[in-house]
Amino acid sequence: MPQWYLLRDGEALTGCAGLIPNDFISRMDLWPWICALYVAREHRGHEYGRRLLDYAKADARRLGFRKIYLSTEHIGYYERYGFAYLGQGWHPWGESSRIYAAAL
């Protein structure tokens with residue numbers, strides 16, 4: 001780690017995600033984290049986000065982890081892919097973020 005996943009359409013970068021030890025959040029006891037999940041607007045609606053999440057989950061499982069985490073303000077999206085709300089976490093710059101966990 002870190003590990004980065006890129007989604008391409010020919011030469012164009014259309015999506016990405018990362019697997020990292022910590023996502024700038026106060027819960028240093030939890031890891032690894034999925035971060036920076038993004039799919040370009042014109043490529044949404046094709047489950048590409050799920051595919052990126054699946055790659056990160058598979059790598060974390062292969063590395064021996066039993067859970068994976070992420071922080072976000074999106075409610076409803078990650079729950080569709082096996083994530084459950086765990087609690088609030090705090091960023092070093094003072095903002096809070098929702099923490100989600102998924103079993104691997």
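Residues are numbered from 1 along each chain as its sequence is written, and side-chain values use heavy atoms, with hydrogens and water left out. Because the model is predicted, local features need pLDDT of at least 70 and side-chain atom pairs count only at pLDDT 80 or more, whereas totals for chains, interfaces and linings use all residues.

The largest pocket has a volume of about 460 Å³, where a pocket is, on a 1 Å grid over the protein atoms alone, an open set of points where a 1.4 Å probe fits, with protein on both sides within 12 Å along at least five of seven lines, and lining residues have an atom within 4 Å of a point. The volume is the space filled by probe spheres set on the points, which are joined across faces, edges and corners. Of the 24 lining residues, Leu37, Tyr38, Val39, Tyr77 and Tyr78 lie nearest the centre of the pocket. Strand E3 (33–39), helix H1 (48–62) and strand E4 (67–72) each give two or more residues to this lining, helices (H or I, at least four residues) and strands (E, at least two) being DSSP runs numbered from the N terminus. The largest share, six residues, comes from E3.

Ala56 belongs to helix H1 and is buried, with a relative accessible area of 0%, buried meaning under 20%, exposed over 50% and partly exposed in between (1.4 Å probe, protein chains only). Between Ala56 and Arg66, ten residues apart in sequence, the C-alpha to C-alpha distance is 13 Å. Met1, in the segment before strand E1 (3–9), counts as partly exposed because its relative accessibility is 40%.
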